[in-house]
Amino acid sequence: METQCMLKVRTYECDSYNHVNNANYLNYLEYARYEFLKDVNFDYEKAFESGYGTYISRIEIDYKKPAFTDDELLIKSKPVKKGAVSGTISQQIWRGDDLIVDAKVTWVFVNSKGMPVRIPVEWNVPGLEP
């Protein structure tokens, strides 16, 4: 299942070259992953209250084009791999027809001690599957 969310580039996210600083794309992707989890009915807050969470173990990111102040960006997120403990989400950031960022984000399901664990049945929602 692919989900989408929008955001608008704010002035303070831009660097001395007047385009979005590369580190800010990580924030954009994180925002979109949280929206993705809500869209697939994964209740992150309840999982956390139950002693679980998700950690990001790897991010591969290709910067294709710059984004600028006031650009409206569409972020597409979809699962591309899932195992018993972890998975990978493909994320793309678009400005109209221009691909700005292409990323793959690997996450790991963890217990309250931060140790990887099998995803319990109640948190193993179908939307996490590719």
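# Exercises on a predicted fold

The protein chain has two helices and five strands. Helices (H or I, at least four residues) and strands (E, at least two) are DSSP runs, numbered from the N terminus. This is a predicted model, in which local features need pLDDT of at least 70, side-chain atom pairs count only at pLDDT 80 or more, and totals for chains, interfaces and linings use all residues. Residues are numbered from 1 along each chain as its sequence is written, and side-chain values use heavy atoms, with hydrogens and water left out.

## Exercise 1: Overall form

Solution. 
- Step 1. Reading along the sequence gives β-α-α-β-β-β-β.
- Step 2. The radius of gyration is taken over C-alpha atoms, and the globule rule is 2.2 Å times the number of residues to the power 0.38.
- Step 3. For 130 residues, the rule puts a compact globule near 14 Å; the protein chain has 15 Å, so the two agree.
- Step 4. Along the principal axes, the C-alpha atoms fill a box of roughly 45 × 25 × 20 Å.

## Exercise 2: Surface, contacts and charge

Task: describe burial, contact range, exposed area and charge placement.

Solution. 
- Step 1. Buried means under 20% relative accessible area, exposed over 50%, partly exposed in between (1.4 Å probe, protein chains only). Buried residues make up 41% of the 130 residues.
- Step 2. Contact means heavy atoms within 4.5 Å. Of the contacts with a separation of 6 or more, 66% join residues 24 or more positions apart.
- Step 3. The protein chain exposes about 7500 Å², and carbon and sulfur atoms supply 49% of that area. Areas come from the Shrake-Rupley method with a 1.4 Å probe; for residues, only the protein chains shown count as cover.
- Step 4. The 16 positive and 19 negative charges have mean positions 6 Å apart. Lys and Arg count as positive, Asp and Glu as negative; His and the chain ends are not counted. Each charge is placed at NZ of Lys, CZ of Arg, CG of Asp or CD of Glu.

## Exercise 3: The nonpolar cores

Solution. 
- Step 1. A nonpolar core is a set of buried Ala, Val, Leu, Ile, Met, Phe, Trp, Tyr and Cys residues joined through side-chain atoms within 4.5 Å.
- Step 2. The largest one has 16 residues, and Y25, Y28, L73, I75 and I93 have the most contacts inside it.
- Step 3. Two or more residues come from each of strand 1 (3-8), helix 1 (24-39), strand 3 (72-82) and strand 5 (98-110). Helix 1 gives the most, with four residues.
- Step 4. Another core, of 13 residues, lies apart from it and includes F36, A47, I89 and W123.
- Step 5. Beyond its neighbours within four places in sequence, I93 has contacts that include Y25, Y28, L73, I75 and V101.

## Exercise 4: Single residues

Solution. 
- Step 1. N41 is in the loop between helix 1 and helix 2 (44-49). Its phi is positive, about 65°, although N41 is not a glycine. N41 counts as exposed because its relative accessibility is 64%.
- Step 2. D70 sits in the loop between strand 2 (53-63) and strand 3. Its phi is near 75°, again positive in a residue other than glycine.
- Step 3. M1 belongs to the segment before strand 1. With a relative accessible area of 52%, M1 is exposed. Its contacts beyond four places in sequence include F36, P79 and E129.
- Step 4. N24 is in helix 1. At 16% relative accessible area, N24 is buried.
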